[in-house]
Amino acid sequence: MTLPTTPIMGDGLPPALREMLGPAFEILEWDESPDSPVLARVVGIITYGHPRVDGALMDRVPHLKVISNHGVGVDHIDVPAAKARGIPVGNTPGCLDASTADMTMALMLATARNVVVGDRFARSAEFTHYDPSQWIGHEVSGSTLGIIGLGRIGRQVARRALAFDMKVLYHNRRRDEEAERELGVIHVPLDELLRQSDFVSLNCPLTPETTNLIGSRELALMKPTAILLNLARGPVVDHDALFAALDSRRIAAAGLDVTSPEPLPRDHPLLGLANVVITPHLGSASDRTRHRMMQMTVENLRAGLKGDPLPWAV
Ligand code: DGY
């Protein structure tokens, strides 16, 4: 006798996540085509690779009980629309703070110390002898880091930066006095942070307030030796303004784990610049973190399907 399975929809769920879900679920591929046979059946949605879920899509899923997001950022889900329809939305906060902070440091070091261009050079025929005048980067140790968005991830970035003897400034809408006491980080207005920092790290969520937060005015305030790091979301930065600032060396470099759009069109001018390091949204892409993210995604899904409060509700 085969037991009934619970139909859920996901976008390209990997084998490890399917295995965690187990045989109790019928996993249907993402299909929001006008005559989709899937939407009328599914009771749960897993958003794995940031597919957009808005109120119009929710209205086409009459039995939807829960949206479980694999990841902490939910800017691709219309959360107020879900709330208005009584559909809980879950995410995976906390488990990815360390890995995303590690990646922030990876991009900081890579951009500052010419890791990517140096790698290309070291493989090329041009590398004929060691020349101490080549590839001189910016010293990370002892520099000033400005963190925009001192949340869970931002705090972990601050901890790592302190181990590099950096002075850490931060800008949040509200001061975090506990973090100031605990870490010695200093709250400054945004413009002050941009003026003083050698590295500006974006670790904030994407919201209407943070969309295009960094544009030509803000880039013009930065030091010509400064490096911008975006581990948040692409639309936090105006990419035309960023290209202009990098191309003219108004700022020294950028490390971008996220872009807008994502991926950038293959002929996007940013991809032609040597002073940019771009990674394909790898912030939380470590083995341990991914495993935990999947567990939390499954736990949220199961709770929502039972009508229980989600362990990690947005
Ligand atoms: C997040 O957690 O928001 C990451 O961007 C992965 O989705």
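**View 1. Strands E3 and E4 pair in the parallel sense in this predicted model.** Strand E3, which covers residues 44-47, and strand E4, which covers residues 66-69, are joined over 4 bridges. Within this pairing, Ile46 has Ser68 of E4 as its bridge partner. Both strands belong to an open sheet of 5 strands, in which the order is E2-E1-E3-E4-E5 and the pairing is parallel. Strand E2 (25-29) and strand E5 (89-90) stand at the edges of this sheet, and because each has a single partner strand, one side of each is left without a neighbour in the sheet.

**View 2. The loop between E3 and helix H2 holds His50.** Helix H2 spans residues 55-59, and His50 lies in the loop that separates this helix from strand E3. The phi angle of His50 is near 65°, which is a positive value in a residue other than glycine. His50 also belongs to the surroundings of the ligand, and one of its polar side-chain atoms lies 2.7 Å from an oxygen atom of the ligand.

**View 3. The ligand sits in the largest pocket.** Around the ligand stand His50, His70, Gly71, Val72, Gly73, Leu96, Arg233, His281 and Ser284. Sorted by class, this shell consists of 2 nonpolar, 6 polar and 1 charged residues. A polar backbone atom of Gly73 is 2.8 Å from an oxygen atom of the ligand, while a polar side-chain atom of His281 lies 2.6 Å from an oxygen atom of the ligand. Taken alone, the ligand exposes 230 Å², and the protein buries 88% of that area.

**View 4. An open sheet of 7 strands shows parallel pairing.** The strands follow the order E8-E7-E6-E9-E10-E11-E12. At the edges stand strand E8 (186-187) and strand E12 (276-278), each with a single partner strand, so that one side of each is left without a neighbour in the sheet. Strand E7, made up of residues 167-171, runs parallel to E8 and is joined to E8 by 2 bridges. In this pairing, Tyr170 has His187 of E8 as its bridge partner.

**View 5. The loop between E11 and E12 contains Pro261 and Pro263.** The peptide bond from Ser260 to Pro261 is cis, with omega near -5°. The peptide bond that leads from Glu262 to Pro263 is likewise cis, with omega near -5°.

Note on methods: Residues are numbered from 1 along each chain as its sequence is written. This is a predicted model: local features need pLDDT of at least 70, side-chain atom pairs count only at pLDDT 80 or more; totals for chains, interfaces and linings use all residues. Side-chain values use heavy atoms; hydrogens and water are left out. A residue is near a molecule or strand if one of its heavy atoms lies within 4 Å of it. A polar contact is a pair of N or O atoms within 3.5 Å; within protein, one must be able to donate a hydrogen and the other to accept it, and residues adjacent in sequence count only if both atoms are side-chain atoms. Accessible areas come from the Shrake-Rupley method with a 1.4 Å probe; for residues, only the protein chains shown count as cover. On a 1 Å grid over the protein atoms alone, a cavity is a set of points where a 1.4 Å probe fits but cannot get out, and a pocket is an open set with protein on both sides within 12 Å along at least five of seven lines; lining residues have an atom within 4 Å of a point. A molecule sits in a cavity or pocket if more than half of its atoms lie within 2 Å of its grid points. Ala, Val, Leu, Ile, Met, Phe, Trp, Tyr, Cys and Pro count as nonpolar, Asp, Glu, Lys and Arg as charged, and the others, Gly among them, as polar. Two strands pair if DSSP finds at least two bridges between them.
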